[in-house]
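Hi everyone, thanks for coming. Let me put today's structure up on the screen, and then we can walk through it together.

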Amino acid sequence: MACHQNTLKIKTSGKCLHNITRDVASVVGESGIKMGLCTVFIMHTSASLIIQENADPDVLTDLSNFFDKLVPESATDYYHSAEGPDDMPSHIRSVLTNTSLTIPVNNGHLLLGTWQGIYVWEHRMRSHLRQIVVHINN
């Protein structure tokens, strides 16, 4: 079984969705693996990964607005606030989404749908350097 692994370092700009599809696809291309699985894993507890619409940015805005209502940032609602009022809400948002994704690889390419993109969802207000492990095996 052939395997290839690389760690991406993604600088986020605060609370936002960051499209990393090209970065992940590049690692898949480097791997030389033609058919298998690509696992994408984020090494953090206050950011997450999602596969979502990559054409209409309104979808990402609506998702962000929905999560803001679902998990409000309030210093009085949570015990854990060591790093500020967005600390515990970021952990909750991470639990409600994904810390890893698995995407099939065929003919050396990610098998994503036409309108699908891979995103790092930064849940914290300030920027961070996020590490994302991309592992491909056949």
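**A buried arginine and its partners**

Let's start with a pair of charged side chains: Asp87 forms a salt bridge with Arg124, the closest N and O atoms being 3.7 Å apart. By salt bridge I mean a side-chain nitrogen of Lys or Arg within 4 Å of a carboxyl oxygen of Asp or Glu. This pair links distant parts of the chain, with Asp87 in helix α3 and Arg124 in the loop between β7 and β8, 37 residues apart. For those names, helices (H or I, at least four residues) and strands (E, at least two) are DSSP runs, numbered from the N terminus.

A word on what we are looking at: this is a predicted model, where local features need pLDDT of at least 70, side-chain atom pairs count only at pLDDT 80 or more, and totals for chains, interfaces and linings use all residues. Residues are numbered from 1 along each chain as its sequence is written, and side-chain values use heavy atoms, with hydrogens and water left out.

Back to our pair: are Asp87 and Arg124 buried or exposed? Both are buried, where buried means under 20% relative accessible area, exposed over 50%, and partly exposed in between (1.4 Å probe, protein chains only). For Arg124, the relative accessible area is 3%.

Arg124 also meets the side chain of Glu83 in a salt bridge, at 3.1 Å from N to O. Glu83 sits in the loop between α2 (57-70) and α3 (87-96), while Arg124 is in the loop between β7 (116-122) and β8, so this pair ties together parts that are 41 residues apart in sequence.

How many salt bridges does the structure hold? There are eight. Another one joins the side chains of Glu122 and Arg130, at 2.7 Å from N to O, and here again both Glu122 and Arg130 are buried. Then there is a network of salt bridges linking Lys15, Asp68, Glu73 and Arg93.

Arg130 brings us to a histidine. His44 lies in the loop between β3 and β4 (47-53), and a polar contact of 3.3 Å joins the side chains of His44 and Arg130. A polar contact is a pair of N or O atoms within 3.5 Å; within protein, one must be able to donate a hydrogen and the other to accept it, and residues adjacent in sequence count only if both atoms are side-chain atoms. The His44 side chain also reaches the backbone nitrogen of Gln131, at 2.8 Å.

Now for the sheet. It is open, with five strands in the order β1-β8-β3-β5-β6 and antiparallel pairing; two strands pair if DSSP finds at least two bridges between them. At the edges are β1 (3-11) and β6 (109-110), each pairing on one side only.

Two bridges join β5 (residues 100-106) to β6, where Asn106 has His109 as its bridge partner.

Last stop, helix α2: it has 14 residues. At its start, a side-chain oxygen of Asp56 comes to within 2.9 Å of the backbone nitrogen of Asp58.

Key. Expected span 1.5 Å × (residues − 1).
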